[in-house]
Amino acid sequence: MTVPVVPQVRAASADAGSGIAVTGATVVYRNGHTAIRDATFAIPTGTIAALVGVNGSGKSTLFKAIMGFVRLARGDIRVLGGPVEEALRRRLIAYVPQAEEVDWNFPVLVEDVVMMGRYGHMGMMRIPRKADHEAVAAALARVNMSELRKRQIGELSGGQRKRVFLARALAQDSRVILLDEPFTGVDVKTEDQIVTLLRELRDEGRVMLVSTHNLGSVPEFCDQTILIKGTVLAYGPTVETFTQANLEMAFGGVLRHFVLNGDPGGKPQAIGVFSDDERPLVFQDGRATARTPDTGNGDRH
Ligand SMILES: Nc1ncnc2c1ncn2[C@@H]1O[C@H](COP(=O)(O)OP(=O)(O)OP(=O)(O)O)[C@@H](O)[C@H]1O
């Protein structure tokens, strides 16, 4: 569904049973800057949705609004059919932060970070019970981090750090998980593990909203895509929204975009390559290919 001029309010506001429904959301920061204006989209439950846009397009602001960290000047956000405050009170939303948002020098063990996901389940004194320890152990096992549970977080690799914060979200047992750049600084194997885990969580009926510059992976694992540039330009099933025209609208001249005319002996082919800083996205005959060749095996930064 493309909404270049008039945001489509109908789908978002009408679908009270949806995972996340944002209607006409506007955020104005204290300095007067309007970071997002009239943003409207809806994502059903049991979905992995990509949030795609250039630096400064408003992705983190949208996350902050869904987490209740910034106030809406106008509009409405509903999570699992209810207001954000209620979703937060019921611990329905978990957040997996960007690496830059975390103080890695803070002396804390892997298992302590994951236990933070249980805080909302504990009493005032935050004394973990058997169920909390079990939830932490299960979450660490699910991301293959059990062996490193006694390590300081500062001693981990980029991919391991991401998995610890994913485990924290799992321990929280939230229904909605917001992931800010989960693939940055992560090798291809870890990326595949994270994608497998997200698919499992989707099949459990959870909602994942994933901000990513990893365009090549979006058609592969995201059912829905939201394209953002100060407002929502387009949203809906990835096959409908992740089009060359929409990406050009979202990225303008920022991405490297080549059109090659096929192999010399054969029929000329129009191949477009969108390459941000991660796996490139290849369009062949105007359609996004599901998976592009990996460009390396090491950690990508
Ligand atoms: N606290 C703030 N006060 C004022 N302006 C802000 C604040 N935080 C962000 N902005 C501005 O709001 C706009 C959106 O920023 P935001 O961080 O949401 O973008 P983003 O899409 O997450 O970017 P990136 O991909 O670089 O993380 C930018 O122009 C940014 O400069």
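User: What makes a residue count as touching A49?

Analyst: Contact here means that two C-beta atoms, placed from the backbone, lie within 7 Å. Leaving out residues up to four places away in sequence, A49 touches I43, M208, L209, V210, C222, D223, Q224, T225 and I226. Bear in mind that this is a predicted model: local features need pLDDT of at least 70, side-chain atom pairs count only at pLDDT 80 or more, and totals for chains, interfaces and linings use all residues. Numbering starts from 1 along each chain as its sequence is written.

User: Which residues have the most contacts inside the largest nonpolar core?

Analyst: A49 is one of them, along with I66, V114, A167 and M208, and the core has 76 residues. Helix α6 (residues 158-172) gives the most to this core, seven residues. A nonpolar core is a set of buried Ala, Val, Leu, Ile, Met, Phe, Trp, Tyr and Cys residues joined through C-beta atoms within 7 Å. Helices (H or I, at least four residues) and strands (E, at least two) are DSSP runs, numbered from the N terminus.

User: Why is strand β2 called largely enclosed?

Analyst: Buried means 20 or more other C-beta atoms within 10 Å of the residue's own (exposed is 12 or fewer, partly exposed is in between, with C-beta atoms placed from the backbone). Seven of the ten residues of β2 (residues 34-43) are buried, so the rest of the structure largely encloses this strand.

User: How do you know that β1 and β2 pair?

Analyst: Pairing takes at least two DSSP bridges between two strands. β1 (residues 20-28) and β2 are joined by six and run antiparallel, so they pair by that rule.

User: What makes β2 and β5 edge strands?

Analyst: The open sheet runs β2-β1-β4-β5, with antiparallel pairing. β2 and β5 (82-83) each pair on one side only, which puts them at the edges. Further in, β1 pairs with β4 (residues 74-79) over five bridges, and T23 stands opposite D76 in β4.

User: Where is confidence lowest and where is it highest in the protein chain?

Analyst: pLDDT is the predictor's confidence in each residue, from 0 to 100. Helix α1 (residues 9-14) is lowest at a mean of 41, and β1 is highest at 97. The chain's mean is 83, with 79% of its residues reaching 70 or more.
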